Amino acid sequence: MSAFVKTMVISAGVLLFFAGSAQAETISPRRLLEVADLTGPVLSPDGGRVAFRLEQASVVRNTFDIFWYVQAMDGKSPPHRIADGGVLLHDSAGVSVPGHAVWSPDGRWIYYRALVDGEMSVWRAAVDGSGAEPVTHDPADVRDFALSADGKALKYSVGATRAAVIAAEQAEYDRGIHVDDTVPVGQGGLFRSGNIDGRLETQRFPSGREGWERIQLLAEVPNQWKAVELATGKTRNLPSAERPPKPPAASNLSRKLPAPWVLEADPGTGRLALLTRVGDGKGLMNKPGVELAMLPKASSTRPVKCQAESCTGKAISAIQWRPHSDEVLFTVTDRHEGQAQSIHRWNVRTGAVQLVTRSAGMINGGGRYQSGGCGVSSEAMVCVIAKADRPPRLERIDLATGRRQVLFDPNAALALDMAKTTPSRLLRWTDAKGQEFTGQFFSARRTGGGPAPLFVNYYDCRGFLRGGLGDEWPFASLAEHGISALCINQAPYRLDAVERYGLGLSAVRSVVDLLASKGEIDRTRVGMGGLSFGTEATLWTVMKSDLLAAASITSVGMSRNYYLFASLRGDAFFKSLKDYWQLGALDETPARWRILSPAANLDAIKVPILMQMPEQEYVIALDYAVPLIRDQRADLYVFPNEPHQKFQPRHKLAAYERNVDWFRFWLQGYEDPDPAKRGEYKRWRAMKAAGDKRSS
């Protein structure tokens, strides 16, 4: 029997490992990296147990451990581990794919997809911990699955076989890769350079689709549905009439209705709960309001709208039906409270709305950025709870009373240490034009008595804050080393790029003024960093102000190389460039390019920039990175086989630790005595000397 199939019952001693293995009162980058994440809680048919998945990075093995657990809902006993979960999957942007399991009708098994030994199959694990086994044995990877109502058969879909994909990759390698609009040129390697579904694969953009999602070769081969009889293991092809129904989509609704943003069906009745964006969206990516409504059936044209105060004018971000009831559970994410969430229940017959629970952080099925629902029965929810300075834990929430009970807290020791040493506090402030901002502030320890330096990240501050969106800048570690850290929630996304970036700059300027006026930070020692839009906001702040002493980025700005490479995508790219940056071709809108492009603003970049970029993107930035490196204003590191968000644990730890070293050097004048870092500090000292010479 393989190590994967072997299972064990988790003991109190193993639980204590999660609670007490780390060194107390040391919030190191590695501790933040190796936090245990919890995803996919799902309740048993009788509502008495919950299954969920635990994910935890291992720096030593440069991988992730993922395990499925089951726990009784009364919380009287700890969860027991019933199966390994295989390889942790990431999407083409590097975001981890949350767990998803299905209970058997008799409550004896859970079924889930797992990548094991290079094969994506459906597995089932006995909930008593006695064993786990693959259910499908297909030459192609399983894309989706559904259990029959009686639990006797499992239906699953596949595409091209693994052998066919590998053969297609090798054929391209042998003949040469033909470059067209689907080939992601400029991403480093074109042959097996991206990690999709657990292995390095050749990537493509989906044909005819907008956006930057990448897929494997042959991914567009249509689904083939099959069924396996669980008692015998016999597999057969499924005719169309027997395939699982597709979930409802906006295209299924009457054209008389505005297209909903979120659509959830009640399995028992077919009723549909809808979230639709409403209000004046002029100048914004999204309309500012959200309307909650219900349709008795897909063909209905008159939705029943939630009219209560608790659901009008609120930022409703997720919905799900309460089983065997007339209630829709909806989540409000309050921007004015720093993205804090609350859950309410709306009775679609009576119109009554009642608060279930409120949190200072996130309450959902993933604990990080996922908006997925909690596990739910007719009586209770099981949710992952997390906030800025509180790592994820699992809680039971009674739907009638709102009473909350902690079921599982694998990060208890880190939570206690952060509460003692680096707690965060919510900041609210307005800029000179009255725009409101919120952020999570980690005040520096051991400052030496004077105002502390400040690090700023501008983008998204939901959930437990390891290092901002993308996890690159460990806030608590910086604070423990004497650098205050602030994560700022972005203002509503403006379509005009100058306005959008200007809001980021205004947020930073106004909060620096605020904190400096209170003596909390030293305005001459401010650093900034960010991923994706956070990178763009950081570069804008560097180019258009004198607020910063140092910066750190991991993504690209509006680059001429970006235009060159992406222009192969055709009309969809040109439309997005015009809509979101108001840019045309380089010779069509030269004035706008001079405003937005770092390559056109090299003289305005006066502070040192650390660039820690994924191999998938760094080439795009070379038109401005190379001149800055040659002029000793930038230091560039490239992480092989990484997508938009790095995810390999060793890469993440290297980025974390280098960011701490970088800002300690530039904001505190500190150098780590580790001999392995001598070359790094030699370059940085040379950069400092060159900068001093330029400014003298």
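Visitor: What is the relative accessible area of Cys 487?
Guide: This is a predicted model: local features need pLDDT of at least 70, side-chain atom pairs count only at pLDDT 80 or more, and totals for chains, interfaces and linings use all residues. Residues are numbered from 1 along each chain as its sequence is written, and side-chain values use heavy atoms, with hydrogens and water left out. Buried means under 20% relative accessible area, exposed over 50%, and partly exposed in between (1.4 Å probe, protein chains only). Cys 487 counts as buried because its value is 0%.

Visitor: Which residue forms a disulfide with Cys 461?
Guide: A disulfide is a pair of cysteine sulfur atoms within 2.5 Å. The sulfur of Cys 461 lies 2.1 Å from that of its partner, Cys 487.

Visitor: How many residues apart in sequence are the parts that this pair ties together?
Guide: Helices (H or I, at least four residues) and strands (E, at least two) are DSSP runs, numbered from the N terminus. Cys 461 sits in the loop between strand S32 (452–459) and helix H5 (475–480), and Cys 487 in strand S33 (residues 484–489), so the separation in sequence is 26 residues.

Visitor: Is the link of Cys 461 and Cys 487 left-handed or right-handed?
Guide: Look at the angle about the S-S bond. For Cys 461 and Cys 487 it is -95°, and the link is left-handed.

Visitor: Why is the disulfide of Cys 374 and Cys 383 right-handed?
Guide: The sulfurs of Cys 374 and Cys 383 are 2.1 Å apart. Both residues are buried. The link is right-handed because the torsion about its S-S bond is about 110°.

Visitor: Is Cys 306 buried or exposed?
Guide: Cys 306 forms a disulfide with Cys 311, with 1.9 Å between the sulfur atoms. Cys 311 has 2% relative accessibility and is buried. Cys 306 has 4%, so Cys 306 counts as buried.

Visitor: What pattern do the disulfides of the protein follow?
Guide: The structure has three disulfides. Count the bonded cysteines along the chain, and the pattern is 1-2, 3-4, 5-6.

Visitor: How many residues of strand S27 are buried?
Guide: Strand S27 covers residues 380–387. It is mostly covered: of its eight residues, the buried ones number seven.

Visitor: How many bridges pair S27 with strand S28?
Guide: Two strands pair if DSSP finds at least two bridges between them. S27 and S28 form a hairpin, with two residues between them. Ala 380 stands opposite Asp 398 in S28. The strands pair in the antiparallel sense, and the bridges number seven.
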